[in-house]
Amino acid sequence: MTTSSLIPGQLERGFLVVVSGPGGVGKNTLVNAVRRRMPELLYSVSVTTRPPRPGEVDGRDYFFVTAERFAQLVEAGELLEWARFGDHLYGTPVRYVSEAVASGRIVLLDIDIQGARQLRASRRLDAVFVFLLPPSLEALRERLLRRASDDLRTIERRLAMALTEMEAAPDYDYVIVNANVDEASLLLESIIRAEACRPHRLRWPVVEPAASSRQETRPGR
Ligand code: 5GP
């Protein structure tokens, strides 16, 4: 489904939609589903020091860089936020998102909880924060078991980490329980559409005066 209600140019300024959640909650699948539902959304491609996984493409999934290059980007102020996650560094290139927002576009960011916290604290860009929760801890455990080749101890450690991460959920603007990707992506789409209707984001006047009423008010007619 494409849309007519979120035409670029309708918003005075765009905004960021920041999606976070514990590992294994299905964030990637949700983000991909909402991008299919709303092709007009832009997606912020992060920079990372993590090596590519099979099938990942440089410039599409991530910009894969060395630790030295990452340090240069931080030093030069080219990252809007950045964080260490596991053994690797991840960051959001600032120029792409700033320019997109300035031109009225909505940009989706899939970033971890520390990065989301930095964005919220900096208030540099208008952003809406969405947290994704699993339907139950058992469901999360099953997902971790299914997807990873990790041993049980690693999975238990990740589950413990997920519990800590989930404590951040009440600080977000919205919480979505990801029991089913279709429902969750419909909810995320609804949130984005509703946020795009907030008066402070719209270009005013929303309704142009009719040509006839303009003529009527012209002197001498
Ligand atoms: P993965 O290595 O599985 O692709 O991502 C690991 C974690 O890093 C995920 O939680 C993902 O949301 C997060 N992440 C990806 N890009 C960024 C980024 O630019 N900044 C921050 N802070 N986290 C990111």
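A polar contact is a pair of N or O atoms within 3.5 Å; within protein, one atom must be able to donate a hydrogen and the other to accept it, and residues adjacent in sequence count only if both atoms are side-chain atoms. The model is predicted, with local features requiring pLDDT of at least 70 and side-chain atom pairs pLDDT 80 or more, while totals for chains, interfaces and linings use all residues. Residues are numbered from 1 along each chain as its sequence is written, and side-chain values use heavy atoms, with hydrogens and water left out.

An oxygen atom of the ligand lies 3.0 Å from a polar backbone atom of G91, and an oxygen atom of the ligand is 3.3 Å from an N or O atom in the side chain of T92. A nitrogen atom of the ligand is found 2.7 Å from an N or O atom in the side chain of D112. The ligand alone exposes 510 Å², of which the protein buries 90% (accessible areas by the Shrake-Rupley method with a 1.4 Å probe; for residues, only the protein chains shown count as cover).

Around the ligand there are 15 residues, and S46, R50, Y62, Y90 and D110 come nearest (a residue is near if one of its heavy atoms lies within 4 Å). By class, this shell holds five nonpolar, four polar and six charged residues, where Ala, Val, Leu, Ile, Met, Phe, Trp, Tyr, Cys and Pro count as nonpolar, Asp, Glu, Lys and Arg as charged, and the others, Gly among them, as polar.

The ligand sits in the largest pocket, in the sense that more than half of its atoms lie within 2 Å of the grid points. A pocket is an open set of points on a 1 Å grid over the protein atoms alone, where a 1.4 Å probe fits, with protein on both sides within 12 Å along at least five of seven lines, and lining residues have an atom within 4 Å of a point. The volume of the largest pocket is about 1,500 Å³, and of its 42 lining residues R50, R53, F85, Y90 and R147 lie nearest the centre. The largest share of this lining, six residues, comes from α1. The lining of the largest pocket divides into 12 nonpolar, 13 polar and 17 charged residues.

The second largest pocket has a volume of about 260 Å³. Its lining comprises 13 residues, with R120, L125, D126, A127 and F129 nearest the centre.

Methods: Points joined across faces, edges and corners; volume = space filled by probe spheres on them. Helix = DSSP H or I, 4+ residues; strand = E, 2+ residues; numbered from the N terminus.
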